[in-house]
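Let's take a walk through this model together, one packing arrangement at a time.

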Amino acid sequence: MPDGALPVLDVRDLKTVFKTRAGEVHAVNDVSFSLKPGELLGVVGESGSGKSVTMMSLLGLLPSPPADVRGGTVGFGGKDLLRIDAETLRSVRGGKIGFIFQDPMTSLNPVFTVGVQIMEPLRKHMGMNKRQATARAQELLELVGIPDAKRRLLDYPHQFSGGMRQRVMIAIALACDPQVLIADEPTTALDVTIQAQILELMKELRSKLGMAVIWITHDLGVIAGIADRVMVMYGGQVVEHAPVHELFGNPQHPYTRALLKTIPTIHGERAARLTIIEGQPPLMVGPPTACPFRDRCDVAFARCAQEVPPRYDVGHGHDAACFFDANTGAPRDV
């Protein structure tokens, strides 16, 4: 990945709101990030932190109502994806940007064969005829490591194991040679052996195809092994963003430090209890007016309850949205 390469995806000040009976839930608040060609960006945080909603907002995948993408820009291929017509967006979605959904057990249609489901984007986005699409579908199944691919094209999803279904989902997402692949917790429902196989497969495919990847997960251990950069989200906001080694070696935000402490270790006393983060994530009803992590934070002070902290640059491509300076152990002067 060239250091000076222009971003293939550039997101600025994205805002997404859900209208509910309890009021407006501000699920995504001024999220900004970019993605360079060939890069893998890891997006981490607890459930409800806004990871999946952010990525689905980019491609118009949220039901409206209740969802309302209320602001921001999503630059891709010289266009703003939030301001193009529905037909153009459909040509991008599944064509130039692939999406692997969270649950392989429910993401495939049970009444169509796997071959039909892989061939659909090929015929729609690539203009292939049935013979061409069948040949390409077989190639894709072989690419993701499914044996006897020609015969398995005729099988239905229930005839595949969970790991094999996830491979099929990856094949569908890769069908049109996307520039960007968004993977939404693609290994969460799989056992650790299959998870390791899928991670190794993604490394191989990324190296072979040169695509940029956004990998959404709550598992920091996974991110440590595959990501170039990491974006930590909490309360619908980006609270920290850094190169992967910088984030693990020098975490700046209290939430990131708390997440890292929860990672189980094989060292230490057997009777030692696992570390947890006390409290619950915020509900985010109403626009944010303070730091979303303040009620669970061990270094919070008065200012944290009065303002939303901006993302401070801490050097080495690293920024953190916190009024407390982890390097000095004191509140920031600015």
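Helices H7 and H8 run roughly parallel to each other, because the angle between them falls under 35 degrees. Keep in mind as you look around that this is a predicted model.

A pair of packed helices is described by the angle between the axes and the distance between the axes. Here, H7 (residues 162-174) packs against H8 (residues 192-209) at about 20°, and their axes lie 10 Å apart. The crossing of H7 and H8 is right-handed. On the H7 side, the contact is made by Gly-163, Gln-166, Arg-167, Ile-170 and Leu-174. H8 contributes Ile-194, Gln-197, Ile-198, Leu-201, Met-202, Leu-205 and Leu-209. Sorted by class, this contact of H7 with H8 holds eight nonpolar residues, three polar ones and one charged one.

Now turn to the sheet. Its eight strands form an open sheet with mixed pairing, in the order E6-E7-E8-E3-E9-E10-E12-E11. Strand E6 (97-100) and strand E11 (312-315) stand at the edges; each has a single partner strand, so one side of each is left without a neighbour in the sheet. On average, and ignoring direction, neighbouring strands of this sheet are turned by 20° against each other.

Further in, which way do E3 and E8 pair? Strand E3 (residues 40-44) and strand E8 (residues 212-217) pair in the parallel sense, over five bridges. Leu-41, for instance, has Ile-214 in E8 as its bridge partner. Helix H1 (residues 51-58) packs on the sheet, where H1 touches E3, E6, strand E7 (180-184), E8 and strand E9 (229-234). The direction of H1 makes about 145° with that of E8.

How values were computed: Residues numbered from 1 in each chain as written. Predicted model: local features only at pLDDT ≥ 70, side-chain atom pairs only at ≥ 80, totals over all residues. Heavy atoms only, no water. Pairing = 2+ DSSP bridges. Helix = DSSP H or I, 4+ residues; strand = E, 2+ residues; numbered from the N terminus. Axes fitted to C-alpha atoms, helices over the stretch in contact; angles between N-to-C directions. Contact = heavy atoms within 4.5 Å. Parallel < 35°, antiparallel > 145°, perpendicular 65-115°, else oblique. Left-handed = near helix turned anticlockwise from the far one by under 90°. Nonpolar A, V, L, I, M, F, W, Y, C, P; charged D, E, K, R; others polar.
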